Amino acid sequence: MHDTLKSFKFASAGIKDAMSSEPNLRFHIIAAIFTISAGTYFKFNNLEFTILIFTILSVISLELINTLVEKIVDMHSKEISEEARIIKDISAGMVLISSVGAIIIGALLFLPKLFV
């Protein structure tokens, strides 16, 4: 059990480090809080909340992966290279696609509630 608690402590520290260094992650977390609050206000049912939470966690998880990729590339590529730029751009593109998908899912969930 002790190792499990240490793992949670390390994971929490990693999330805290990422939040302190990555403005996009902070934006996604603020947007998540706002979106969950709006889902509560509009009385989302269990399925709607499941879709909403899964979508939010997907975007935040991919943002953390993007941060990880950027840190690894920076660690191994001190000078700016074309390969490093491509890796970082692809990683950022992953988050962009996820975010656009989240906007579409959000529209599908919220627009019917707004125009009832």
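Four aromatic pairs turn up in a search of the whole structure, where rings of Phe, Tyr and Trp (its six-membered ring) pair if their centres lie within 6.5 Å, with planes under 30 degrees apart counted as stacked, over 60 as edge-to-face and the rest as tilted. The structure is a predicted model, in which local features need pLDDT of at least 70, side-chain atom pairs count only at pLDDT 80 or more, and totals for chains, interfaces and linings use all residues. Residues are numbered from 1 along each chain as its sequence is written, and side-chain values use heavy atoms, with hydrogens and water left out.

Among these pairs, Phe42 and Phe110 are edge-to-face, because their ring centres are 6.0 Å apart and their planes stand at 70°. Phe42 sits in the loop between helix H2 (23-41) and helix H3 (46-76) while Phe110 belongs to helix H4 (residues 82-114), so the pair ties together parts 68 residues apart in sequence. Helices here are DSSP runs (H or I, at least four residues), numbered from the N terminus. Phe42 is partly exposed at 23% relative accessibility, whereas Phe110, at 13%, is buried; buried means under 20% relative accessible area, exposed over 50%, and partly exposed in between (1.4 Å probe, protein chains only).

Phe44 and Phe49 also pair edge-to-face, at 5.7 Å centre to centre and 65° between the planes. Phe44 is buried, with a relative accessible area of 7%, and Phe49 is partly exposed at 21%. Ring pairs join Tyr41, Phe42, Phe44, Phe49 and Phe110 into a cluster.

Conventions: Helix = DSSP H or I, 4+ residues; strand = E, 2+ residues; numbered from the N terminus.
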